[in-house]
Structures are given as structure tokens and as C-alpha cells.
Amino acid sequence: MNQGKYVFSQLTGYLPQRVFDGFVKKHDGNRYVKHFTCWNQLLCMLFGQLTNRESLRDLIVALDAHSGKSY
């Protein structure tokens, strides 16, 4: 059984979310967002790159398969 954080969570721990949120606020990136924020999109695209997904559809299938592990 897993006792610690997942590897993806450990990697994203090094990303400075405050700095990223500052860029988003500066450029008003979340203006019309209701649910899927720029930070969520960054994490999904990072997951796609790290798992070597070939298309957006492939990424969506992988994210749906692991939906129970997301929070």
C-alpha cells in the first residue's frame, strides 16, 4: 500500500504555484473560467508530457482512468 505521495505529486511540489498564479492574474487568464483553471490545465498538460501521450484524446482517456486518484 502506498504510504507517501505519488511521484507526480512530488514533482509538482517543485512548481511555484504562487509565481504561476501571479502570471495568470497579470494576464487575466482565469477571467471566464468556471471550473477548469489555468493551474489545472498546466497539471494536465504536464501529466500528458510525462506519460508520453500522443494526443489530447489519449490524455483524456488516461485522466479518466485515474480519476479516482485526482483531488
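Predicted model: local features only at pLDDT ≥ 70, side-chain atom pairs only at ≥ 80, totals over all residues.
Local features need pLDDT of at least 70, side-chain atom pairs count only at pLDDT 80 or more, and totals for chains, interfaces and linings use all residues. Residues are numbered from 1 along each chain as its sequence is written, and side-chain values use heavy atoms, with hydrogens and water left out.

Me: Where is Leu15 placed?
Reply: Helices here are DSSP runs (H or I, at least four residues), numbered from the N terminus. Leu15 lies in the loop between α1 (7-12) and α2 (17-26).

Me: Is Leu15 buried, partly exposed or exposed?
Reply: Buried means under 20% relative accessible area, exposed over 50%, and partly exposed in between (1.4 Å probe, protein chains only). With a relative accessible area of 32%, Leu15 is partly exposed.

Me: Which residues is Leu15 in contact with, leaving aside its neighbours within four places in sequence?
Reply: Contact means heavy atoms within 4.5 Å. The C-alpha atoms of Leu15 and Leu43, 28 residues apart along the chain, are separated by 10.0 Å. Beyond those neighbours, the contacts of Leu15 are Trp39, Leu42, Leu43 and Leu46.

Me: How are α3 and α4 oriented to each other?
Reply: Axes are lines fitted to C-alpha atoms, for helices over the stretch in contact, and angles run from 0 to 180 degrees between N-to-C directions. The axes of α3 (residues 38-50) and α4 (residues 56-65) come within 10 Å and cross at roughly 100 degrees. Angles under 35 degrees count as roughly parallel, over 145 as roughly antiparallel, 65 to 115 as roughly perpendicular and the rest as oblique. The two helices, α3 and α4, are therefore roughly perpendicular.
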